[in-house]
Amino acid sequence: MGNKFLEGNFAPVSREHTITDLAVTGRIPEFLDGRYLRNGPNPLSEVDPAAYHWFMGDGMVHGVRLRDGKAEWYRNRWVRNPAVAAALNGEDASRFCGLDALGANTNVIGHAGRTLALVEAGAPVYELTDELDTVGRCDFDGTLPGGYTAHPKRDPRTGELHAVSYFFGMGNKVQYSVIDAAGRARRTVDVEVTGSPMMHDFSLTENHVVFYDLPVTFNAEMAVAASVPAALRTPAKLVVSAMVGKVRVPDPVTAMMAGKLGANGGLPYRWNPKYPARIGVMPREGGNADVRWFDVEPCYVFHPLNAYDDGDSVVLDVVRHPRMFDRELHGPGEGGPTLDRWTVDLAAGKVIEERLDDRGQEFPRVDERRVGRRHRYGYAMSADGGADPAGSLFKHDFHTGARHERAFGAGRQPGEFVFVPRREDAAEDDGVLLGFVFDPATQRSDLTILDAETLDTVAAIHLPDRVPHGFHGNWVPSA
């Protein structure tokens, strides 16, 4: 059985590189002093195509160091959780399961002097060195045990990381947390939701936290099938179904379930048409009792572009999927994702939903200095069906309504692009965009640098290998 998430440029690469002699076309801007990092799934061991889900592959971080107008190095490294470390050492990795086998494969950020590989759903964060070697698990100096999220938001005013984390073992709760600029948790809040949703991301404004409680939920049948002997599956499913969404799952049951979900097993979350679609708005310093819930049309959101307060309203620009993991169970692929705006009218108690762009797109980004504030520009990768790169980068001007497209041509496939300002006080669109572009003709990728205003190519750093289609990355400036 074929699986497109193991084919083409979704297929994993088999080598780690350290390259210090990189060919460059064009001129790398002198103001770029730091590392462009990107994370994604890259299974180390052979996997079963029929069972493999794109989200479950072992994590691999790719990075390019830029300084003084030069590309100093390219490195790619597997994130060495216990299972990956054992396999790379020639040991039996099958003894590792559950959270020890789930790869930190989704995002990579810099915070408080650390480089952190992130994932969601209860799996641990891993700290990396500046050269991308694995240091070990990170629990923020013991202040935030357990899992975290793939999508923290940095408040540009305070430097704090805000996040919403989920894990099926938490039952019908998700956790909002704030990590201070020194890298320690200063606040956590448990928030009750309808059941046990896959809450991949959230939104932050200057005054509010926004929760996306949408109908992709933990599926006990899928989890039990992967973790329990056939004779015990019916009672096990009844027990887990009764617990999830009502109470926190007791530790022995959590251990049983998590202990059998291998890094390359099926994802136990699925479209649930009986689950209400809604968003919750909570004051930043509020608690569970302060959350106001608003119904929306059934859909799924992996990634908001940004959010901001506007008088008595909260404005949410999101990439909306019509559904998720209903028929396609190997990765996103349930219809074209569109850019939508949801305006939450707090005074009237309703949400106005409108379509901003009906072209398929994903991995939306905004100038990080505008997170939680009104933004003018946003960028997104063109996407077919779900998250398949379609060959272009979109730029949205929300003031004029203009929509610009940069096609890369000849079958080239861009991933997510991130914005880097020319100076800290530069205008919102005064800087460059960084992202990997795969060329199927050469089977290699370039780190491509675009002028953010014109979308013209400034420089291309040619890598010795390809960077598989993955998830998220960031520009981490030098200290």
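Q: In this predicted model, over the ring of which residue does the charged end of arginine 278 sit?
A: A charge is taken to sit over a ring if the Lys NZ or Arg CZ atom is within 6 Å of the ring centre and within 35 degrees of the ring normal. Here the charged end of arginine 278 sits over the ring of tryptophan 293, at 3.8 Å from its centre, and lysine 395 lies over the face of tyrosine 377, 4.9 Å from the ring centre.

Q: Which residues does phenylalanine 211 touch?
A: Leaving aside residues up to four places away in sequence, phenylalanine 211 touches both Arg278 and Trp293, and its other contacts include Val164, Val174, Tyr176, Val191, Met199, Ile279 and Val291.

Q: How many residues has the largest nonpolar core, and which have the most contacts inside it?
A: The largest nonpolar core has 74 residues, and those with the most contacts inside it are Met198, Phe211, Ile279, Leu316, Trp342 and Val344. Strand β15, spanning residues 208–213, gives the most to this core, contributing four residues. There is also a second, separate core of 20 residues, with Ile28, Leu66, Leu463 and Trp475 among its members.

Q: How many aromatic pairs are there, by the rule used here?
A: The count comes to 20 aromatic pairs. In one of them, the ring centres of phenylalanine 5 and tryptophan 54 are 5.3 Å apart with their planes at 25°, and because planes under 30 degrees apart count as stacked, this pair is stacked. The pair links distant parts of the chain, 49 residues apart, since phenylalanine 5 belongs to the segment before β1 and tryptophan 54 to the loop between β3 and β4. Both of these residues, phenylalanine 5 and tryptophan 54, are buried.

Q: What is the geometry of the pair formed by phenylalanine 55 and phenylalanine 302?
A: Phenylalanine 55 and phenylalanine 302 are edge-to-face, with 5.7 Å from centre to centre and 75° between the planes. Phenylalanine 55 lies in the loop between β3 and β4, whereas phenylalanine 302 lies in the loop between β19 and β20, so the pair ties together parts that are 247 residues apart in sequence. Phenylalanine 55 and phenylalanine 302 are both buried.

Q: Which residues form one aromatic cluster?
A: One aromatic cluster is formed by Phe5, Phe10, Trp54, Phe55, Tyr300, Phe302, Phe325 and Phe471.

Q: How many disulfides are there, by the rule used here?
A: A disulfide is a covalent bond that joins the sulfur atoms of two cysteines. In this model the count comes to zero disulfides. Cysteine 138 is buried, with a relative accessible area of 8%, and cysteine 299, at 0% relative accessibility, counts as buried too.

Technical notes:
Residues numbered from 1 in each chain as written. Predicted model: local features only at pLDDT ≥ 70, side-chain atom pairs only at ≥ 80, totals over all residues. Heavy atoms only, no water. Core = buried A, V, L, I, M, F, W, Y, C linked by side-chain atoms within 4.5 Å. Buried < 20%, exposed > 50% of the residue type's maximum accessible area, 1.4 Å probe, protein only. Helix = DSSP H or I, 4+ residues; strand = E, 2+ residues; numbered from the N terminus. Contact = heavy atoms within 4.5 Å. Disulfide = S-S within 2.5 Å. Phe/Tyr/Trp six-rings, centres within 6.5 Å; stacked < 30°, edge-to-face > 60°.
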